[in-house]
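Visitor: I am new to this structure, and I would like to ask how its descriptions are reached.

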Amino acid sequence: MSENPQEPSTGGPSTEPDGEAAAAAKTAQAQHDHDDERVDEWEDESFPASDPPSNY
């Protein structure tokens with residue numbers, strides 16, 4: 001039974017992330033975006049395909 005009778009229980013875990021988890025998710029997304037931009041830049045620099053990328 002629910003501990004707070006005014007709020008119905010959904011029976012599942014809370015869908016709201018806590019502050020620490022939200023910050024970690026935001027940091028992970030920022031790192032992913034940064035890495036994605038670097039790969040796009042390396043791809044552009046590798047044209048034509050006969051030339052290796054400058055970071056290789």
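Guide: Helices (H or I, at least four residues) and strands (E, at least two) are DSSP runs, numbered from the N terminus, and Gln29 is found in helix α1, residues 19–45. This is a predicted model, where local features need pLDDT of at least 70, side-chain atom pairs count only at pLDDT 80 or more, and totals for chains, interfaces and linings use all residues. Residues are numbered from 1 along each chain as its sequence is written, and side-chain values use heavy atoms, with hydrogens and water left out.

Visitor: Why is Gln29 called partly exposed?

Guide: Buried means under 20% relative accessible area and exposed over 50%, with partly exposed in between (1.4 Å probe, protein chains only); Gln29 has 42% relative accessibility, so it counts as partly exposed.

Visitor: What makes Glu37 exposed?

Guide: Glu37, whose place is also in helix α1, has a relative accessible area of 54%, and therefore it is exposed.

Visitor: How many helices and strands does the chain have, and what share of its residues is buried?

Guide: The chain has 1 helix and 0 strands, while buried residues make up 0% of its 56 residues.
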